[in-house]
Every structure is written in C-alpha cells, then in structure tokens.
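Hello,

Please open it first, then read the notes below.

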Amino acid sequence: MSPKRAEVGSLMYEWNGAKEIRVEVGIRRGFPHFQILGNVSQETKEARDRIRLALEASRFDFPLETIIINVKPSHIQKKKISIDLAIAVGILQATEQVPKPKKEILYLGNLGLDGSLVGGKELLPYLWQKSSKIDAIHCLPESLRNESLPEGEYYFLSHLQELETIEQSPPNKRKQRQENTDSPFWGEVYLDRYQMQTFQGLLYAILGNHHSVLLGSPGVGKTMLHRLLESLLPQGDSNGIFTSGIWKANGEFEPPTQKRPFRSPHHSTTEVGLIGGGLPYQPGEICRAEGGVLFLDEALEFKDRILESLRMPMEDSYIEITRLNEVTKIKTDFTLLLSSNPCPCGNYQSQNHCHCSLQKIRLYLQKISGAFLDRVTIFQTLFISTSERNIRLEEVLLKKILKERSNFKKERIFPKDETQKVLQQLDLSKETKHLSLRKKKQIVSLARTIADWNLSPRTKEVHIQEALDYTLGYQWIYSLG
C-alpha cells in the first residue's frame, strides 16, 4: 500500500529576506513515529507533541502511524520558521480530513495546545520581505488581521477547526496603501539666491542619483536644504518597494514602504552600524537606504575609516558579504549626500572670524580623501547667506516638476554617440583632460541630468559647462595648499 502524501507551502525568514519553503508530509503503516527532517532547528522538532495535541483538541484524528515531515529545500538551514500550521494542514490533507484548496495557500503560524493559531507581529517580516514573485493566498493567525500587510489575499484563522470551511468564504484582499509623503520640514519655505543655487544642485543629485558633498558655514541652511529633499524623492510604482523593513529600537517591526528611504544616521554611528556586520550578518544603514538617500550630516565628524568604507558601495552599488562558506551580494544602490563645516570652528570663508590655522583646516578636510572625492559627482560650498530670502518654494510644485523630469528621463531616446562625443570633448579641453576617466564619466552623466531637468533631448554645451561647475568644485580644497 502506497503511503499517503501531501505538500503545502510556508515561509522561511533570513537576514536577506523571506523565501518560500515546501512542507512534505508522508504517512505510512508502521509503528507510531513522528519525525521532522529538512535541516530544521531543535525548536521546530519539538513541535511534534504540540501539533498532535492541537489536532486532537480540534476533534481531528491523529494518525497512529509513521509520519515523516520533510521541509524543502533540505540543504538550507532553517533557523526562523513558523510551520506548526503548515505541518498540521499537511497531515490533515494527507489523511483527507480537510480538502486540498483549489488555489495555492501558504500557511504561516504556530499552534497552541488547544488548537488555536499563535503568532503576531513577529511574523510581519516573513510577509513584507518575501519575494514579489510569490503569488499565493496566505493563511495567517487572526491576530494579524488589523496589522499592516502587503498587497495580496489572506485568510485569517483563530482555530484549526476553521480549516474545514476555509474556502466557503472569499479571501480578504489587501490593496496598496496610500502613504502620506508630506514632510514636516516643509511649510513656508523661502531661500536666498545662494541657497537656491545650492538647492538646485541637490535636486540634480536626486534626479540623476549623483553623490554630493556640501561644505558650508553654520547657520546657512545646509541641513534644512537636505531635509527638504526627503518628501521630494519620487515614489515607486505598484511593484516598487524600496525600504525592505527594519526593526526599531523598541523591538517593533517597521513595514516597508513605496516611499524612497531617507536615512540620516548620527555621526557617532559605528562602521558596523553603517555598513553592517556580525554573524549572522545584520544589514547596516547603507542597506536600509537602498533605492533612496543616505544623508550624513556633519560628515567630517565621522571617523575616517567609516567614510572610506563607503567608497566601494558608492561606486559598485553592492557589497559582497562572506560568511563561512556563504557569499552573498547585497544591493546598496543609494545616493550619498554629505554635509559638513569647512573647518573645526566652522567659520572659514564665512562672514564671521575663523579661529583655525590653515594647517588645522587642511587636517580637518583630509578626512575627505582624493579617492573618496573621485567618486563624488557634485561638490558645493555655501559660505554666504543673506536676509533677502525672496525665493519661495512650494512642495507640491517641486514634486510635480521632479515627477515630470523623472518621466522625461525614462522615456527619452538617448543619442548613441552623445556620450562618446562629450568624452572626446573633455579629453581635448585643458580644464578636464587631466581628470580620471571616472570623473569624466561623472561629468557626462551630470550634464545629461541637467539636460533632462531642462527637458532637452540632447546634451548642449551650456549643460556641460554647468556640470563642470558642480563637478570641479572639489578643487577648492586643493587650493589650500
């Protein structure tokens, strides 16, 4: 007699996301035996008695035969799974006590001894960090009904007995959330002409994903200008989820969002906190800024090693993590925005008297190495601020402009030979021929972004010249001797 079989789906949670797993159930004649295979933790194996009592308390028959549970894929160690419900459903389907569903259902949650479904906010990462390719109905504990869940179809159960009638009512459908993108930093915003020129460079940075450095005196509005960008970052489409979800300091899970992340860690942050680390690996701020902005205010107060550790993620848009026999690439496609004073007292080149010697200023600015600057596209200084703030900014209007420019950038037809022509032009110019190829490509890219901002299908000479003003601003540092 062939064994009774069934297979149901569930989810496994890892530091780099949630994955679908399959729970195979095989029941054959023999001595009563219950075994769970598949590289699972001891905690999962201890669920055997709990599942049996839960089934019996729910008035289901528990087969007194040999029951083998195999959790696939077997080669992956499964430390964080919640598959009591999946195993129970597999046993019930194999013994034909409940019917197999017409559409694929993923079961997530544990069981109480009385047959009740157990699970709360600790299951949210399983749902939010799963692959978007997983298209199935999710069966969850009733306690998650009022929680923020990703778009999809859900069944919410409070007890195992409800499995008998699960498909008699349609699943609960969750739609995409409408998020509030207004920023508390907006309101009546007025800038002077120096601040507006700087803010224009920052708008280019977020439109074209260009790394930026801004040096300026205290009180000129450096932090304010950067904070205004937070609500202007374009949202993703219905398939674009940016923040993958993070754990807050109080232990609560913050669901992902379509709003691009704007991360601003304090300058006392450690290298592990910024880049990530540990065993198992825990993501840092550069991973949480994926798809958005990483803003380092008072950047020169960060340790030298921390700033230098950003060089590879800035250029490659990924970091490679090696842990024992596992190598994983993690996307870090963020836009880095740095803001800092130009000297320890902050008043160099400002209207106030600077108390720092030239040697002190040079030592202070040495934290921004030449290799780091070579990866920065936009370099600006803001030393002057006036009381004539007569340029009014409107959040709604700027959002509309950025969305229009972003759509133009996506839809335009880019001339194939344009990049090569601009590079040749830079190679012949006395001002730029000594620059590295990386810096020249940055100039070409920024000039193209400026052309997009002006809704120009071709990169013109005026766009290249404006790009040069931004990209060569770092040479101001070398003028200090």
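Which residue takes a positive phi just after α15? Leu455 does, with a phi of about 55°.

A word on provenance. This is a predicted model: local features need pLDDT of at least 70, and side-chain atom pairs count only at pLDDT 80 or more, while totals for chains, interfaces and linings use all residues. Residues are numbered from 1 along each chain as its sequence is written, and side-chain values use heavy atoms, with hydrogens and water left out.

**Overall**

The protein has 17 helices and 24 strands. Both are DSSP runs numbered from the N terminus: helices are H or I with at least four residues, strands are E with at least two. The C-alpha atoms fill a box of roughly 85 × 45 × 40 Å along the principal axes. Of the 481 residues, 52% count as buried. Buried means under 20% relative accessible area, exposed over 50%, and partly exposed in between (1.4 Å probe, protein chains only). The accessible surface is about 24,200 Å² (Shrake-Rupley, 1.4 Å probe). Carbon and sulfur atoms hold 49% of that surface.

Now contacts, meaning heavy atoms within 4.5 Å. Among those with a separation of 6 or more, 72% come from residues 24 or more positions apart.

**Helix α15**

Helix α15 covers residues 437-453. In α15, 13 of the 17 residues are buried, so the helix is largely enclosed by the rest of the structure.

**Salt bridges**

The structure holds 27 salt bridges. The criterion is a side-chain nitrogen of Lys or Arg within 4 Å of a carboxyl oxygen of Asp or Glu.

Lys72 pairs with Glu7, closest N and O atoms 3.5 Å apart. Lys72 sits in strand β4 (residues 66-72) and Glu7 in strand β1 (residues 4-14), so the bridge ties together parts 65 residues apart in sequence. Both ends are partly exposed: Lys72 has a relative accessible area of 26%, and Glu7 has 32%.

Lys173 pairs with Glu153, closest N and O atoms 4.0 Å apart. This pair links distant parts of the chain, with Lys173 in strand β11 (residues 172-174) and Glu153 in strand β10 (residues 152-157), 20 residues apart. Lys173 is exposed, at 61% relative accessibility.

Glu315 pairs with Arg375, closest N and O atoms 3.2 Å apart. Glu315 lies in helix α10 (residues 311-316) and Arg375 in the loop between α12 (370-373) and β23 (378-382), so parts 60 residues apart in sequence are tied together. Glu315 is partly exposed at 39%, whereas Arg375 is buried at 13%.

There is also a network. Arg5, Glu7, Glu20, Arg22, Glu24, Lys72 and Glu104 are joined by salt bridges that share partners.

**Around Trp476**

Trp476 is in helix α17 (residues 475-478). The residue is buried, at 17% relative accessibility. Beyond its neighbours within four places in sequence, Trp476 is in contact with Leu215, Pro342, Tyr348, Gln349, Leu365, Phe379, Thr381 and Phe383. Take Phe379: it is 97 residues from Trp476 in sequence, yet the C-alpha atoms are 9.5 Å apart.

Best wishes

Notes. The expected span of a helix is 1.5 Å times one less than its number of residues.
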